[in-house]
Amino acid sequence: MIDRNNNLVKINGGNHRFAISRILQLKKVPIEIKLISVKSLHKCLKEKIDTKELNNFIKEIEKKYN
């Protein structure tokens, strides 16, 4: 989930994948974004949400965690 402050928040599943990635000392863990806070979108995107803007928004969050 991406919260209203553009932070990734782990919810529900993924504990095993995360634990194994730590054991293997991986620098990156694949994630799946299932929720994005509406407040976060309103801060970063214009009135209309199009695919290009949404992809750019997600890329900016990726940069934050790389």
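**Fold and confidence**

Modeller: Along the sequence, the chain reads α-α-α. Helices (H or I, at least four residues) and strands (E, at least two) are DSSP runs, numbered from the N terminus.

Biologist: How many helices and strands does the chain have?

Modeller: Three helices and zero strands. This is a predicted model, where local features need pLDDT of at least 70 and side-chain atom pairs count only at pLDDT 80 or more, while totals for chains, interfaces and linings use all residues. Residues are numbered from 1 along each chain as its sequence is written, and side-chain values use heavy atoms, with hydrogens and water left out.

Biologist: What pLDDT does the chain average?

Modeller: The average is 79, and 86% of the residues score at least 70. pLDDT is the predictor's confidence in each residue, from 0 to 100.

Biologist: Where is confidence lowest, and where is it highest?

Modeller: Lowest in helix H2 (residues 38–44), with a mean of 74, and highest in H3, at 84. Where pLDDT is low, the predicted coordinates should not be read in detail.

Biologist: What share of the chain is buried?

Modeller: Buried residues are 15% of the 66 in the chain. Buried means under 20% relative accessible area, exposed over 50%, and partly exposed in between (1.4 Å probe, protein chains only).

Biologist: And the contacts, what share comes from residues 24 or more positions apart?

Modeller: Those pairs make up 57% of the contacts in the chain with a separation of 6 or more. Contact means heavy atoms within 4.5 Å.

Biologist: Is Ser21 buried or exposed?

Modeller: Ser21 counts as buried because its relative accessibility is 4%. Ser21 sits in helix H1 and touches Leu26 and Val29, leaving aside residues up to four places away in sequence.

Biologist: What about Ser37, where is that?

Modeller: Ser37 is in the loop between H1 and H2. Its side chain reaches the backbone nitrogen of Lys39 at 3.2 Å. Not counting residues up to four places away in sequence, Ser37 touches Ile2, Asp3 and Arg4.

Biologist: And Lys34, buried or exposed?

Modeller: Lys34 counts as exposed because its relative accessibility is 64%. Lys34 is in the loop between H1 and H2.

Biologist: Last one, backbone angles. What is the phi of Asn6?

Modeller: Near 60°, a positive value in a residue other than glycine. Most residues other than glycine have a negative phi. Asn6 lies in the segment before H1 and counts as buried at 18% relative accessibility. Gln25 is not a glycine either and has a positive phi of about 55°, but Gln25 counts as exposed, at 67% relative accessibility.

Key
A polar contact is a pair of N or O atoms within 3.5 Å; within protein, one must be able to donate a hydrogen and the other to accept it, and residues adjacent in sequence count only if both atoms are side-chain atoms.
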